[in-house]
Amino acid sequence: MLHGTASPSIGIVSCSAEGAALCYRTICAEGEVEFGPHGHPEIMLHGHSLAAYVACLDAGDWAGVAALMLSSAAKLAAAGATFLICPDNTIHQAMPWVLPRSPRPWLHIAEVVAAEAEAERRGYRRLGVTGTHWLVAGDVYPQALATRGLDYRRPSDAEQAEVGRLIMDELVRGRVTPEALAYCQGVVARMAAAGCDAVILGCTELPLLLNDGNSPLPILDSTRLLARAALRRARER
């Protein structure tokens, strides 16, 4: 722990419950690696209603998404958070509006994933990107991957629509079905056939379905990777 300064505190800006819960559980469960038996840094979480975010997403109102994120950020900063994370890939598209006005620094989920993809132990060159239709059609991952010279592939338009439906109608409600798993496995298999050497689970609920044991490609689990990066940041501070 730090001496002479306040202990580092992780602020979680929540969007959907399942992704935020998995991120929180991962920080607590894996904190022992950095902080000793039963240890983890102080964690605080704030979330607005998912319905408020979805209304902004449906309207293409990224400034509105940013306002919700900044509202959470202000509350977390006031509660003592020293840095912030958001276990939701889609709303990272609002980061250009968020970062200039944020009261605390952020770890960016796509930058964390891209760094892991490039790491020597991984060495991936072409990544499949999965997630909500808002995320996959956007530039969050293309920008982060391009910075590191990494290529990517998106699912087809029809696959984007169906995976997005499964996420918003089922996974965010904690519903996991064999049919959803089979469909997503098919999407990943087609990405493998297109030359991808790994797949980014660019929705923080997709780890409820896919893992390294049942995926046709190695996975990059954005939820857990962000949680582990937050643990390292807390330890370094």
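**View 1. Strands S6 and S7 pair in the parallel sense over three bridges.** Strand S6 covers residues 198–201, and Val199 has Ile219 of S7 as its bridge partner. Two strands count as paired if DSSP finds at least two bridges between them. Strands (E, at least two residues) and helices (H or I, at least four) are DSSP runs, numbered from the N terminus. The model is a predicted one, in which local features need pLDDT of at least 70 and side-chain atom pairs count only at pLDDT 80 or more, while totals for chains, interfaces and linings use all residues. Residues are numbered from 1 along each chain as its sequence is written, and side-chain values use heavy atoms, with hydrogens and water left out.

**View 2. An open sheet of four strands runs in the order S5-S4-S6-S7.** The pairing in this sheet is parallel. Strand S5 (151–153) and strand S7 (219–221) stand at the edges with a single partner strand each, so one side of each has no neighbour in the sheet. From one strand to the next, the twist averages 30 degrees.

**View 3. Helix H9 lies across strands S4, S5 and S6.** Helix H9 spans residues 178–193 and runs at about 155 degrees to strand S4 (126–130). Angles run from 0 to 180 degrees between N-to-C directions, and axes are lines fitted to C-alpha atoms, for helices over the stretch in contact. Helix H10 (residues 222–236) also packs on the sheet, where it touches S6 and S7. The direction of H10 makes about 55 degrees with that of S7. Contact means heavy atoms within 4.5 Å.

**View 4. Helices H8 and H9 pack at an angle of about 145 degrees.** Helix H8 covers residues 157–169, and the axes of H8 and H9 are 11 Å apart. Their crossing is left-handed; a crossing has this hand if the near helix is turned anticlockwise from the far one by less than a right angle, and is right-handed if clockwise. H8 contributes Ala158, Glu159, Glu162, Val163 and Leu166 to the contact, and H9 contributes Ala180, Tyr183, Cys184, Val187 and Arg190. By class, the residues of this contact are seven nonpolar, no polar and three charged. Ala, Val, Leu, Ile, Met, Phe, Trp, Tyr, Cys and Pro count as nonpolar, Asp, Glu, Lys and Arg as charged, and the others, Gly among them, as polar.

**View 5. Three strands form an open sheet in the order S2-S1-S3, with parallel pairing.** The edge strands, S2 (42–47) and S3 (83–85), each pair on one side only. Neighbouring strands of this sheet are turned by 25 degrees against each other on average, direction ignored. Strand S1 (residues 9–14) pairs with S2 over six bridges in the parallel sense, and Ser9 stands opposite Glu42 in S2. Helix H10 packs on this sheet and touches S1 and S3. Its direction makes about 170 degrees with that of S3.

**View 6. Helices H1 and H10 pack with their axes 8 Å apart.** The angle between helix H1 (residues 17–35) and H10 is about 45 degrees, which makes H1 oblique to H10. Under 35 degrees counts as roughly parallel, over 145 as roughly antiparallel, 65 to 115 as roughly perpendicular and the rest as oblique. The crossing of H1 and H10 is right-handed. Residues in the contact include Leu22, Ile27 and Phe35 of H1 and Ala227, Leu231 and Arg235 of H10. By class, this contact has seven nonpolar, four polar and six charged residues.

**View 7. Glu30 and Arg228 meet in a salt bridge through their side chains.** The N to O distance is 2.7 Å. Glu30 lies in helix H1 and Arg228 in helix H10, so the pair ties together parts that are 198 residues apart in sequence. A salt bridge is a side-chain nitrogen of Lys or Arg within 4 Å of a carboxyl oxygen of Asp or Glu. The whole structure has nine salt bridges.

**View 8. Helix H5 packs against helix H7 at an angle of about 40 degrees.** H5 spans residues 109–118 and H7 residues 140–147, with their axes 9 Å apart. That angle makes H5 oblique to H7. H5 passes H7 in a right-handed crossing. The contact involves Ile109, Ala110, Glu111, Val113 and Ala114 of H5 together with Val140, Tyr141, Ala144 and Leu145 of H7. Its residues divide into eight nonpolar, no polar and one charged.
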